[in-house]
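Hello! Here are a few notes to read alongside the model; please have it open as you go.

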Amino acid sequence: MFPIPPARPRSKRAARNAGTAAAVLLAAALWWADPAYRNEHFATAIGELREIPLADGSRLVLDTASAAQVSWHLRSRRIELQQGRAHFDVEPSTFRPMTVAAGEIRVRVVGTRFDVWRQPTGTQVVVQQGTVAVWHAAREQDSTLLPAGQQIRFDDAFQAEHSPPSSTRANAESLGAWQTGLLVFQNTPLNEALAEIQRYRQAPIRLQGNFGSDTNVSGVFDSRSTDQLLDRLPDILPVQVVRHPGGEVDVQRR
């Protein structure tokens, strides 16, 4: 029998090639999985407005009593609006889009400016610049392209098997007004206006009687001075404002 020659050691080049291939596969797997490498949490107190510069050059503005979780991924940017309202001024990045989640509603953008507001009974998206895609989490294939000046609202009772709601034209005067501390009401029912004012103050506002839905408010007010705002109501509406020692306020028909 002929002797079996000893196994020849792998060359350094082969080992190096194998290592390179493994590194490429690992990088591809990570790219596909798109894991988060950084998470940030931001929040505001009642009555606070906060502008937050983000790591990619984007800008986040949180309204009163709002909270958001920002996650940075290899090939995506993700923000979860946990409560309240936020404005997004997104730095363009074609290969790294941003997705905003607000409950079951999703918004995807490349680079634009828009608001997302988680209200007590639904979620509203308003676009100020560019175009965004909006959809219910269970119906991404039915996303709605929302251009500048348009808004859309999903009620919390929305069923995924239904068609998405239609978009409407946004109120041009109120676009972005809240970011400067202004509340803009245009024939807004009094109960809705008081609910909006309440978001900016600790002490409760109570509407006495059942006239709130048929009494409308119009005007531009400062959200940072809710006491002065409430004091102005009797000048523009047939109401009386009654203050209590603990800061509570009753609004009743005059």
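1. The protein has three helices and 18 strands, taken as DSSP runs (H or I of at least four residues for helices, E of at least two for strands) and numbered from the N terminus. Please keep in mind that this is a predicted model, where local features need pLDDT of at least 70, side-chain atom pairs count only at pLDDT 80 or more, and totals for chains, interfaces and linings use all residues. Residues are numbered from 1 along each chain as its sequence is written, and side-chain values use heavy atoms, with hydrogens and water left out.

2. Burial first: 40% of the 254 residues are buried, meaning under 20% relative accessible area with a 1.4 Å probe, protein chains only.

3. Now the packing. The largest nonpolar core holds 29 residues; such a core is a set of buried Ala, Val, Leu, Ile, Met, Phe, Trp, Tyr and Cys residues joined through side-chain atoms within 4.5 Å. Leu60, Phe88, Val107, Phe114, Val116, Val132 and Val134 have the most contacts inside it. Strand β5 (residues 77–89) supplies the largest share, four residues.

4. A separate, second core has 21 residues, among them Leu190, Ile197, Phe221 and Val239.

5. Val116 deserves a look: beyond its neighbours within four places in sequence, its contacts (heavy atoms within 4.5 Å) include Leu81, Phe88, Val100, Val107 and Val125.

Conventions
Buried < 20%, exposed > 50% of the residue type's maximum accessible area, 1.4 Å probe, protein only.
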